[in-house]
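Hello,

Here is the structure I promised to pass on. Please open it first, then read my notes below.

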Amino acid sequence: MYISYLTPGSSPIDWCEENYTFSPHIAEFINTVSNILFILMPPLLMHLHTSYVTHCGKGIHVIWLLLMVVGISSAYFHATLSLLGQLLDELAILWVIMACYWLWYPQSCLPQGYKSIPDGRRKFSNLVIVFTFLTTFLGFLQPVVNAFCLLLLGIPTVVLMVLMLKHEQCPRVNNLARRSVGLWGLAIIAWVNDRFFCPYWSSVGFPYLHGVWHITIFLASYSAIVIFAYFDVKNHMVDKHPTLRYFPMDRFEFGVPFVFVQNKPGGRKEERSA
């Protein structure tokens with residue numbers, strides 16, 4: 001049964017781009033190569049977050065590595081349109097979201113039962129791990145579970161970011177958040193149009209909006225990850241001072257954002273392990 005998951009074209013999903021137009025070996029060429037940012041950007045983001053890792057641990061590297069897994073899985077799916085590729089693509093996205101919850105779910109937004117117990121944030125993180133493994137198992141048994149879980153988790157993620165920004169005074173952080181939400185909105189528009197209005201976009205010669213989704217959702221996602229990392233330091237590490245910076249020129253806010261962390265004057269010098 002599960003061997004059939006490897007068969008090209010075994011996925012019930014076929015996006016708007018015509019199959020095998022550019023290459024006899026790649027089903028959806030544009031949808032495949034548009035994942036390039038997921039693969040090329042994380043190594044740069046690992047380098048830029050050196051100070052974050054020094055002060056806060058290596059957990060953020062898990063997020064960047066999972067983004068690479070998303071890109072590779074998505075490229076494999078669109079190159080083959082296999083059911084296995086679809087499952088790997090969807091589950092990799094789920095693991096990115098859940099890894100962010102595991103690392104950075106804010107103390108102030110914990111369910112009431114976890115706020116009132118000692119080490120409640122860590123215990124909630126353990127629950128997140130259990131939920132992720134359970135959902136992964138169910139996703140292989142019933143692939144429809146994946147889409148439901150991604151929808152269930154995507155909206156609360158945006159809500160969490162909005163709640164954290166309510167009292168933020170730094171214009172840079174607020175501007176990045178606005179761009180992230182705006183890119184998220186553009187990504188959803190591209191996804192919906194490619195999925196449900198394919199005849200129109202094919203008629204005008206641009207059946208490639210799912211490729212646009214890949215680019216915009218990556219930009220929105222890594223920007224949101226930077227914001228969550230910033231607030232985790234600000235709200236939970238009283239001896240650390242996070243700063244939002246941009247590469248390659250910090251004067252402009254349209255480069256690559258990253259979190260620079262340093263000790264507050266007179267703060268403790270300990271470093272947190274992963």
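Let me start with one residue. Asn174 belongs to helix 9, which covers residues 171-196. Please keep in mind that this is a predicted model.

Is Asn174 buried or exposed? Asn174 is buried, because its relative accessible area is 16% and the cut-off for buried is under 20%. Leaving aside residues up to four places away in sequence, Asn174 touches Leu165, Glu168 and Gln169. Leu94 is 80 residues from Asn174 in sequence. In space, the two lie 26 Å apart, C-alpha to C-alpha.

Next, the overall fold. The protein chain has eleven helices and two strands. Along the sequence the order is α-α-α-α-α-α-α-α-α-α-α-β-β. The radius of gyration is 20 Å, close to the 19 Å that the globule rule gives for 274 residues, so the chain is as compact as a globular protein of that length. Along the principal axes, the C-alpha atoms fill a box of roughly 65 × 45 × 30 Å.

Some totals for the protein chain. Of its 274 residues, 46% are buried. Among contacts with a separation of 6 or more, 68% are between residues 24 or more positions apart. The accessible surface is about 14000 Å². Carbon and sulfur atoms account for 71% of that surface.

Now the interior. In soluble globular proteins, nonpolar side chains tend to be buried together. The largest nonpolar core here holds 59 residues. Which members touch the most others? They are Tyr52, Trp64, Leu67, Tyr101, Trp104 and Tyr222. Helix 11 (residues 209-236) gives the most to this core, with 14 residues. There is also a second, separate core of five residues, including Trp15, Ala27, Phe77 and Leu81.

Not counting residues up to four places away in sequence, Tyr101 touches Val128, Leu153, Pro156, Thr157 and Leu160.

On to the aromatic rings. Searching the whole structure gives twelve aromatic pairs. One of them joins Tyr101 and Tyr105, edge-to-face, at 5.5 Å centre to centre with 75° between the planes. Both Tyr101 and Tyr105 are buried. Together with Tyr114 and Phe124, Tyr101 and Tyr105 form one aromatic cluster.

Last, two arginines over rings. The charged end of Arg179 sits over the ring of Phe254, 4.9 Å from its centre. Arg195 lies over the face of Trp15, at 5.1 Å from the ring centre. Trp15 is also one of the residues in the second core.

Best wishes

Terms used
Residues are numbered from 1 along each chain as its sequence is written. This is a predicted model: local features need pLDDT of at least 70, side-chain atom pairs count only at pLDDT 80 or more; totals for chains, interfaces and linings use all residues. Side-chain values use heavy atoms; hydrogens and water are left out. Rings of Phe, Tyr and Trp (its six-membered ring) pair if their centres lie within 6.5 Å; planes under 30 degrees apart count as stacked, over 60 as edge-to-face and the rest as tilted. Buried means under 20% relative accessible area, exposed over 50%, partly exposed in between (1.4 Å probe, protein chains only). A charge sits over a ring if NZ of Lys or CZ of Arg is within 6 Å of the ring centre and within 35 degrees of the ring normal. Helices (H or I, at least four residues) and strands (E, at least two) are DSSP runs, numbered from the N terminus. Contact means heavy atoms within 4.5 Å. A nonpolar core is a set of buried Ala, Val, Leu, Ile, Met, Phe, Trp, Tyr and Cys residues joined through side-chain atoms within 4.5 Å. The radius of gyration is taken over C-alpha atoms; the globule rule is 2.2 Å times the number of residues to the power 0.38. Accessible areas come from the Shrake-Rupley method with a 1.4 Å probe; for residues, only the protein chains shown count as cover.
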